[in-house]
Amino acid sequence: MDSKKKKALPESNELTRTSPFPDEVLDRVLGLVKSHKDRSSVSLVCKDWYNAERWSRTHVFIGNCYSVSPEIVARRFPNIRSVTLKGKPRFSDFNLVPLNWGADIHQWLVVFATKYPFLEELRLKRMTVSDESLEFLATTFTNFKALSLLSCDGFSTDGLAAIATHSKNLTELDIQENGIDDLGGGWLSCFPENFTSLEVLNFANLNSDVSFDALERLVNRCRSLKVLKVNKSITLENLQRLLGRAPQLIELCTGSFNQDLTPRQYAELESAFNNCKNLNILAGLWEATSLYLPVLYPACTNLTFLNLSYAALQSGELAKLIAHCSNLRRLWVLDTVEDKGLEAVGSSCPLLEELRVFPAEPFEQDVAPGVTERGFVAVSYGCPRLHYVLYFCRQMTNAAVATIVQNCPDFTHFRLCIMNPGQPDYLTDEPMDEAFGAVVKNCAKLQRLAVSGLLTDLTFEYIGKYAKNLETLSVAFAGRSDWGMQCVLSGCPKLRKLEIRDCPFGNEALLSGLEKYESMRSLWMSACNVTMNACRRLAKQMPRLNVEVMKDEESDDSQADKVYVYRSVAGPRRDAPPFVMTL
């Protein structure tokens, strides 16, 4: 290790021990440590390890863009090549965070331009990104290679055109579920004709038609392309031609899966899928019908992830498709598959580890029940490795959940969303307390939990008593008193994120976490019984926390409508809009 590098670290009484390992050994060992959590732990061992980790780290993950400033990050880590940055609270996905709240990427890019001119990767989630920022990114960082934007907003396809035009070494362009101003598909024609480096291309959630000729030429040039996710403007005939150009794909999101094909076209499409020997992940299938699903069968054997969240398949269609997917580990479906479809999953997918069931009509009340407890139970019997579930349904029972977690005790993520707020066990009319009690009692590895249905404080007593590895808890329309939240804050030692909306928790609950919040990443409370005075008291007693309050129009001046609490080494943020009060 360069002696000048060691002098850059201020002396610390806590890091005075020296390492018995030579610098070369430390560098090699740290090169094998990929987890950001593990690297952070390594940096705490002693002064030499701190220095070694500081200078060798090339990737940084920041779970809250306001928890630290870009200047502090640059001082701490001089050689970063890759940045992952998250912005708005997760409840922004449900329109609970006002527009123009913040989380703008531009100031970060300005600092990175000076400190990290060698930046290669930027992965953003729930950040505000302007076209100007995208152009600045593309023209400033000459070796830039990978851009991933997930649930971001503020930009248009003109920004994508700037990336395509100027990022000569781009290997990844991943645009997923963003609030983008779609001005047309012309951006895809901006890649230079000598551009060949692309390995990942995802524009599945854009709406406008793209130039297929430009796309086909791009796919043909980029011989290392491994991931291709197109939007529904791409027809089956187009898809067959793309697969013929890129049989090496390992991940594919198809376009529209509904087109009149001649027998010859059908055979050519089936042959194209059969030639994709490395395909492991399949998604898309917009407007899929049973007529053309059989063309997928040759490619199903090696699939480990099947995302059908865009395809409103019926139970029989899913059963026929899933019968060919014996190696499946992850499955996303819409509730149109009903319980019979999930029963087929339980019969055909013994290796399944993750299941997500989304509602096809989330805002409609008078619809078919979709999936119920019966389908969930069937999956648990047939898929003993299941450890991650997101399950939207309109009815559930305590007994069913108890059976599910007995069959699958290794759950790390359990997110049950009963869509009617305050819905009890529909058979007994009892609260759903025993259901979530069974989850936390049986699933010792549980890290993330989302609760729903009619719940009393007993649910939260169970969580505080048994969920000792819980890191993230999401609560909506639940609880009876402050006692429930107090049980969670005092009983869950590893809790990092607590998200609460439309619950009766108030001041006493909020202030019971004074000693807890500094070890957490964030607390969100909206439509609860919290007052401004309680928030001021929290801010005064815990000055290292940022306590932000967002007021709703025409609300009581004494009420704190939305409260966002998070730890920060950067102090209060400098870009808070007028409707955000930093206490």
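**Briefing: a pocket lining and a helix pair**

The lining of the second largest pocket is made up of eleven nonpolar, nine polar and ten charged residues. The model is predicted.

- The space in the second largest pocket comes to about 1,200 Å³.
- Its lining has 30 residues, and those closest to the pocket centre are Ser40, Phe61, Ser67, Arg567 and Val569.

**Helices α13 and α14**

- Two packed helices are described by the angle between their axes and by the distance between the axes.
- Helix α13 covers residues 315–322 and helix α14 covers residues 338–348; their axes come within 8 Å and cross at roughly 10 degrees.
- Because angles under 35 degrees count as roughly parallel, α13 is roughly parallel to α14.
- The crossing of α13 with α14 is right-handed.
- On the α13 side, the residues in contact are Ser315, Leu318, Ala319 and Ile322.
- On the α14 side, they are Lys340, Gly341, Ala344, Val345 and Ser348.
- Sorted by class, the contact of α13 with α14 holds five nonpolar residues, three polar residues and one charged residue.

Definitions and conventions. Residues numbered from 1 in each chain as written. Predicted model: local features only at pLDDT ≥ 70, side-chain atom pairs only at ≥ 80, totals over all residues. Heavy atoms only, no water. Axes fitted to C-alpha atoms, helices over the stretch in contact; angles between N-to-C directions. Helix = DSSP H or I, 4+ residues; strand = E, 2+ residues; numbered from the N terminus. Parallel < 35°, antiparallel > 145°, perpendicular 65-115°, else oblique. Left-handed = near helix turned anticlockwise from the far one by under 90°. Contact = heavy atoms within 4.5 Å. Nonpolar A, V, L, I, M, F, W, Y, C, P; charged D, E, K, R; others polar. 1 Å grid on protein atoms, 1.4 Å probe; cavity = no way out; pocket = protein on both sides within 12 Å on 5 of 7 lines; lining within 4 Å. Points joined across faces, edges and corners; volume = space filled by probe spheres on them.
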